[in-house]
Amino acid sequence: MNCNSVRIYDGIFWVGVNDRRVHLFENLWPQPKGVSYNSYLIVDEKVTLIDTVEISKFQEFIANIVGVIGDRKIDYLVINHMEPDHSGSIAEIVARYPNIKLIGNEKTFMMLKPFYGNFVNQYQINDGDSLNLGVHQLKFVFTPMLHWPETMVSFESKTGVLFSGDIFGSFGTLDGGIFDDQVDMDYFENEMRRYFANIVGKYSLIAEKTLKKLIDMNLPLKIIAATHGPIWRSDLKRVLEYYRKWSSQEGENGAVIVYGSMYGNTAKMAEAIACGLVENGIKNVVVYDASKTDISYIFSDIWKYRAVILGSAAYNAALFPSIDNLIRKIEHVGLKNRLVGVFGTYAWSGGGVRNLLKFVENQKWQLIGNGIEAKCSPSVDDFIACKQLAREISKALL
Ligand code: FEO
């Protein structure tokens, strides 16, 4: 057997790949430690592949498969999700195993042809259908918009393995260990939340309902095997709690301060607010310069914490561009239930704080204070106002 194929349970193998070359997932999200594309192989009377991998990794992928089954053929390919990080190798798999039957739902097949061409050997299933593989049996549960309309998950009833697709997925490669008890879960908690906020976040209310649907089914879950990141076998409660918390958008006690500042004057106000929060008992305070840190990390922490304090210098009578970009993202995703304060600087006609206040009103977040706007650089009175804002936000948080 190839050392890159890992048995995860009786007759079930991880045959995924790590991608350390990728810089941007979806050509958008930075991947300093890469990402894994997880695919799974069930070896039974019927050999079944669950999803494939991004096309650039096909050679490694097929070597992993052959390492497990040698000359045996694959009977079924279950397509849980059509995004090309998982569907990218379908055509190559079909070319190698021409009798393989593609298992998907109506919406899967509506995407398959325009993405990859016509495949005759298709088998369409409905929500709740089962497929016998011999000893193993797969049950399909539709999970639309997690994270595309055609998405579904597959539950293997003999072993209790849930092939969960993007749900419970994470950025970061699997460096030797593939299970939750073999990897640094503090690292993966952060990368899982960054994945959730940026990839799944727009559909978080659907995620909340889907999680309830899966829990209400009382599936005897033993393993959760997502398409990215670690496989959960030791602490399923932990990952279910992450998803409950993130999909409900409740936010932990803590604050993210994000600012856009050309020459450091708005930044000084951010420092004063951060000190004020800590002086008033807030332990979790994170400060970001929006021009420096990629938006995916900032947004992940905004998802994590309940208070957000936004600062913007006026730039051409409008918001500072990196802050403008951030608030467009928040609006696009529709994150709710945040306490918010705003601050900034101006030199002549303003445009930073004014537009932040408009954003807060549209977003229906709970505004604390009325916004602090300093002329050119913060005065003593402005710093006092920053400390006052920090006091009020701390009080609201605690
Ligand atoms: Fe990992 Fe939505 O694809």
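The stops below cover a nonpolar core, a histidine and a surface patch.

This is a predicted model, in which local features need pLDDT of at least 70, side-chain atom pairs count only at pLDDT 80 or more, and totals for chains, interfaces and linings use all residues. Residues are numbered from 1 along each chain as its sequence is written, and side-chain values use heavy atoms, leaving out hydrogens and water.

**First stop: the core.** Select L41, I65, I93, L102 and V258, which touch the most other members of the largest nonpolar core, a group of 111 residues. Such a core is a set of buried (under 20% relative accessible area, 1.4 Å probe, protein chains only) Ala, Val, Leu, Ile, Met, Phe, Trp, Tyr and Cys residues joined through side-chain atoms within 4.5 Å. Next, select residues 185–200: this helix, α5, gives the core its largest share, eight residues. A second, separate core has 23 residues, including A267 and I309.

**Second stop: H147.** Move to the loop between β13 (137–142) and β14 (152–156), where H147 is found. H147 counts as buried because its relative accessibility is 7%. Display its side chain: polar contacts (pairs of N or O atoms within 3.5 Å, one able to donate a hydrogen and the other to accept it) join it to the side chains of E83 at 3.2 Å and D166 at 3.1 Å.

**Third stop: the surface.** Select M262, Y263 and Y315, which make a nonpolar surface patch of about 380 Å². M262 is found in the loop between β17 (252–260) and α8 (265–279).

Key
Patch = residues over 30% accessible without salt bridge, like charges linked within 9 Å, V, L, I, M, F, W, Y side chains within 5 Å. Areas by Shrake-Rupley, 256 points an atom, 1.4 Å probe, with all protein chains shown as cover. Salt bridge = Lys/Arg side-chain N within 4 Å of Asp/Glu carboxyl O. Helix = DSSP H or I, 4+ residues; strand = E, 2+ residues; numbered from the N terminus. Buried < 20%, exposed > 50% of the residue type's maximum accessible area, 1.4 Å probe, protein only.
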